[in-house]
Amino acid sequence: MLVDFELIERARSGDDSAFNQVVQTYRKRILGTIARLIGRPEDVEDVGQEVFVRLYYSLEQLRTPEVFEPWLYRLTVNAAYDYLRRQRRRQESRMSDLSEQQVVLADAAAGGKKREEEERRTRIRELVDSLLGQVSEEDRILLTLKEVEGLSLKELEKIYRVNENALKVRLFRARQRVLKAYESRQQ
Amino acid sequence: MDRMKEQDKLEALFAEYRAACPDPEPSAGFTPGLWRRIEARRSSNLKVFRMLAQVCVGATLALTVLIGLVLIPRFEQAPVASTTYADALAAEHPNTYVDIFAGEIK
């Protein structure tokens, strides 16, 4: 926990300054998670604000401060999922948008090594984003939380409210689907 | 075997992806923007509540008027009893036993 239980309790009882402290503490981490979940830097803050708005209005439903972090992650996952579904509905092409972003990034990167490193990172981001773009939103979010965010199965259990075995099965299937996409890309 | 290698590659790729996507710094407008959204949602919730309250008040008024228009004239048209309850009862059940007792019927 990045904050103590007392601060969560105060925020839960309607103390806005305590809530503000919670936001200040978690916002960077949550924005990072969202950035990796949705893969669109320009919308990260918008989704991040939505997460904290939902937190503000649902905090009083939190049973105990001990489950605050899984609760916050759950809100983050739901907001990212809603965003990805909206995007799919709009039928926007992620890849073309990312390509534009890569061009901007490549232009911004200055000089030899730094530029090379940035290009390498860009390639990795593009590759993983395209792999994750080929599976469902559910698979994308689950895999990102496990493989990229490094959450444990116990933490995922609390977020998804399903048992470990069910999660293992879902993870295995999601991995297989990404692997298939990876293999077909390499051929 | 190849599958395992691919799995390892994938894991390494995810690790590199994590390193290639550091947590972004929130902009200066993040927190003020957040509070604006909280306030906006609060006032929109209030608006919805107010609207619901208005709808309830309107429906109650409409029901009251309807009851007034439909039921009151019906009550007014209903026949009003011209005799008292005791008279009506006496007319329906002539009490012959009392009359015999009083010696009026022989």
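**Reading the contact between chains A and B**

The contact takes 40 residues from chain A and 31 residues from chain B. The model is a predicted one.

Colleague: How much area do chain B and chain A bury between them?

Modeller: About 3700 Å². Of that, 60% is on carbon and sulfur atoms. Three residues, B:F14, B:Y17 and B:F30, supply 20% of the area that chain B buries against chain A. That is more than any other three residues supply.

Colleague: How many residue pairs are in polar contact between chain B and chain A?

Modeller: The count is 19, with both residues at pLDDT 80 or more. Now place the chain B side. Two elements give two or more residues to it: α1 (2-20) and α2 (30-77) of chain B. The most comes from α1(B), with 13 residues. By class, the side of chain B that touches chain A has 14 nonpolar, eleven charged and six polar residues.

Colleague: How many salt bridges does the rule find across the interface?

Modeller: First, the idea. A salt bridge pairs a side-chain nitrogen of Lys or Arg with a carboxyl oxygen of Asp or Glu, within 4 Å. Across this interface there are six. Over all chains the count comes to 26.

Colleague: Where do B:E25 and A:K28 lie?

Modeller: B:E25 is in the loop between α1 and α2 of chain B, and A:K28 is in helix α2 (residues 16-38) of chain A. Their side chains meet at 2.8 Å, N to O.

Colleague: Is B:E25 buried or exposed?

Modeller: Over 50% relative accessible area counts as exposed. B:E25 has 59%, so B:E25 is exposed. A:K28 has 34%, so A:K28 counts as partly exposed.

Colleague: Which helices hold B:E16 and A:R120?

Modeller: B:E16 is in helix α1 of chain B, and A:R120 is in helix α6 (residues 112-133) of chain A. This salt bridge spans 2.5 Å, N to O. B:E16 is partly exposed at 32%. A:R120 is partly exposed at 32%.

Colleague: Which residues do salt bridges with shared partners join into one network?

Modeller: A:D46, A:E50, A:R54, A:D82, A:R85, B:R37 and B:R41. Among the salt bridges here, B:R37 meets A:E50 at 3.0 Å, N to O.

Colleague: And disulfides: how many does a search of the whole structure find?

Modeller: A disulfide is a covalent bond between the sulfur atoms of two cysteines. Over all chains, the search finds zero. Still, look at two cysteines. B:C21 counts as buried, at 12% relative accessibility. B:C56 counts as partly exposed, at 48%.

How values were computed:
Residues numbered from 1 in each chain as written. Chains lettered and ligands numbered in written order. Predicted model: local features only at pLDDT ≥ 70, side-chain atom pairs only at ≥ 80, totals over all residues. Heavy atoms only, no water. Contact = heavy atoms within 4.5 Å. Buried area = accessible area lost by both parts, 1.4 Å probe. Polar contact = N/O pair within 3.5 Å; in protein donor to acceptor, adjacent residues only side chain to side chain. Helix = DSSP H or I, 4+ residues; strand = E, 2+ residues; numbered from the N terminus. Nonpolar A, V, L, I, M, F, W, Y, C, P; charged D, E, K, R; others polar. Disulfide = S-S within 2.5 Å. Buried < 20%, exposed > 50% of the residue type's maximum accessible area, 1.4 Å probe, protein only.
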